[in-house]
Each structure stands twice: as structure tokens, then as C-alpha cells.
Amino acid sequence: MFVVAALLVLLRGQGVSVGDMAIVASSVTALGTLAQLVVWGSGVAQIAQFVGDLDAPLVPSSAEAPRSTSPTRIEAVEVESATFTYRGRTAPAVDHASGRFAGTGMIVLTGPNGAGKSTLAKLVAGALQPDAGTVRWRRGDGSCGEPHWQEVSVLHQDEALLPLPVRDFVRMGVEASDPEILAALRRTGLGALIDTVPDLLDRRVGESYTQGAAFSGGQFQRLCLARLLLQDRPMWVLDEPTSAIDVAGDADFVALLRETGADRFVVVITHKDLGVEDGDEVWRVEDGRPERLLPPVGAAAPGA
């Protein structure tokens, strides 16, 4: 119980809602062994790594409160001479980066490990603020302003396998009815699993838990994508979304991602060739700076 209390104090200090704290508490208490707690905690730590080092704020202190009205579509993100250095390090992770990312398709960030892809994505999403330079969101209504981290959903490469009922796992952070949850699951391609396991929403995520349900790597990614659909936020950031999927399933998942994310600004961090289509942008990040590969700089926009 001490571990649960300490975790809740930490989460509350980061502004996590009381409802989500209750879900986390029930998840931790459902873990039957210390080994399970270690595995679960490791998964949570991996997600936290996307947001930033432990000494970097989860949400910048100057960030505005969540918007009270439905956010307007993000048409482009403009980065100008943005630099960010993690505490305790001398070399910047992102170094005077500039670029205009247009949200007409998927924004694909590629490059070697340690090149600054994830840090650039954090800056684009507003999870981190640049030490110098600017990052601005340009919206469909013509407005332009600072990023709002509260309007971003993230699908991490190593999402934590929380031992929650599927119902609570998918609706975490939002209010959603069972029909809405089932509709989201079917939209992400899990209809056959629902038909095979009628009580799926009551099963825990992970076959190693009591009343648990087994998910393949691809099914688990689709489960997490259903959560993003329910959150219905204007920006998605996906870190290696096909890493747990075999090569044969890559194309199907990317096609699903294009369909479900059609009305959103989608940023994908990957080492893989996802199959570029018209409207997509591919940026190679190296030494903390992005270079647009496709479409080439100066090329006409699709349909122009």
C-alpha cells in the first residue's frame, strides 16, 4: 500500500486527474507478485521516457490549461531555430532545428538512434519547450500559437501492459460507454476478437493475469490505437508503431493508421520504410537537425 500511495502522490504532483489515479491504483493493487510490479513499473518508465528525462517536466510549467472547447485541426507545425539540451548534458539533443511540418498526411521522422528524433517529436507536441527558438502550431481556423501537450495522444513503442480490464485500459483518460469502446475496437480491426471473446471488455489485458486475455503484438497495438480514437485529440505521436508487428502486418496497420488519423496531425517516429504516399512527409533527423527527404524541398504540393 505504501507503493500505491507514493505513486499516487507522484502522479498528482504531475496534474494527473483523480479518475485516472483511481485506475492506476486499481491496476497496481491487482498485481499479485513483486515480479509483476517490477515489470509493470518498467513499462510505465518506458512511456515516461518519451515525455522526457525524469528531471524534465511532464508538462511545461508555462503551459496553458486544457481548452474548454473542441480543439481546431492542426494544419502545420512551424519550428524555427529550436534547440533543446537535457539537464546534465553538454551537447544539445536538438540543435537549431528548423522546418515546417504540414499535416496533409503522416509526418515520418527517421534517422539513426540518438539523432534527436524523439526529442524533436516532444518539442513538436509541446511535451518539452525549446531552450531557444520557437515551435508554433498553425490551425485550420487561421490561428497560430504555442503547442498544447493536453491536445496530444501518444502511442509508445513499449506501451505498458497494465493489468486492467480491457474496458478501463481503452477508455483511460476519457468517459466512454461500452458501445463506444466496442466501436473503437472494431474500427481498429479487433472485431473478430470481440466476436470470439464476448466478455472481452471484462478481461484483463495480458494472459498472465487472472481472467486475462491474450493479445498478439499487432492486436495490442490496435488496442492502444482504440484508446487514441476515444481520446479524439488533434495530434497523434506514434513511436515505432509497427515494432511489435511482423512484416506482413506492417502494411495493414499503416493503412489503418492513415484511415483513423485522417483528420489529425500524425507524427510517426520509425526506422522502417512505411510506404510513403502522396501527402506524406519524410524527414531524416541527424545530429539534432531535420532534413526533409520527401517530398523534396520546392516540390509542388499534392493536387497543386
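**Entry 1: R264**

I began with R264, which is found in the loop between helix 9 (247–260) and strand 10. Helices (H or I, at least four residues) and strands (E, at least two) are DSSP runs, numbered from the N terminus. I record that this is a predicted model, in which local features need pLDDT of at least 70 and side-chain atom pairs count only at pLDDT 80 or more, while totals for chains, interfaces and linings use all residues. Residues are numbered from 1 along each chain as its sequence is written, and side-chain values use heavy atoms, with hydrogens and water left out.

Is R264 buried or exposed? R264 counts as buried because its relative accessibility is 10%; buried means under 20% relative accessible area, exposed over 50%, and partly exposed in between (1.4 Å probe, protein chains only).

I then looked up the contacts of R264, where contact means heavy atoms within 4.5 Å. Leaving aside residues up to four places away in sequence, R264 touches R73, L229, D232, R233, P234 and W236. I also noted G105: its C-alpha atom and that of R264 are separated by 8.7 Å, although the two residues are 159 residues apart along the chain.

**Entry 2: Strand 10**

I moved on to strand 10 (residues 265–269). Five of its five residues are buried, so strand 10 is largely enclosed by the rest of the structure. F265, V267 and I269 point one way from the strand, and V266 and V268 point the other way.

Which strands pair with strand 10? Strand 9 (residues 235–239) pairs with strand 10 in the parallel sense over five bridges, and strand 3 runs parallel to strand 10 and is joined to it by four bridges. Two strands pair if DSSP finds at least two bridges between them. I listed the partners: V237 has V267 as its bridge partner, M235 stands opposite F265, and M106 stands opposite V266.

I traced the open sheet of six strands in the order 6-9-10-3-11-12, and its pairing is mixed. Strand 6 (152–155) and strand 12 (289–294) stand at the edges with a single partner strand each, so one side of each is left without a neighbour in the sheet. From one strand to the next, the twist averages 20 degrees.

Two helices lie across strands of this sheet. Helix 4 (residues 117–125) lies across strands 3, 6, 9, 10, 11 and 12, running at about 165 degrees to strand 9. Helix 8 (residues 217–231) lies across strand 6 and strand 9, at about 175 degrees to strand 6. Axes are lines fitted to C-alpha atoms, for helices over the stretch in contact, and angles run from 0 to 180 degrees between N-to-C directions.

Strand 4 (residues 132–139) pairs with strand 5 over two bridges in the antiparallel sense. In strand 5, G145 is the bridge partner of W137.

**Entry 3: V276**

Lastly, I looked up V276, in the loop between strand 10 and strand 11. V276 counts as partly exposed because its relative accessibility is 42%.
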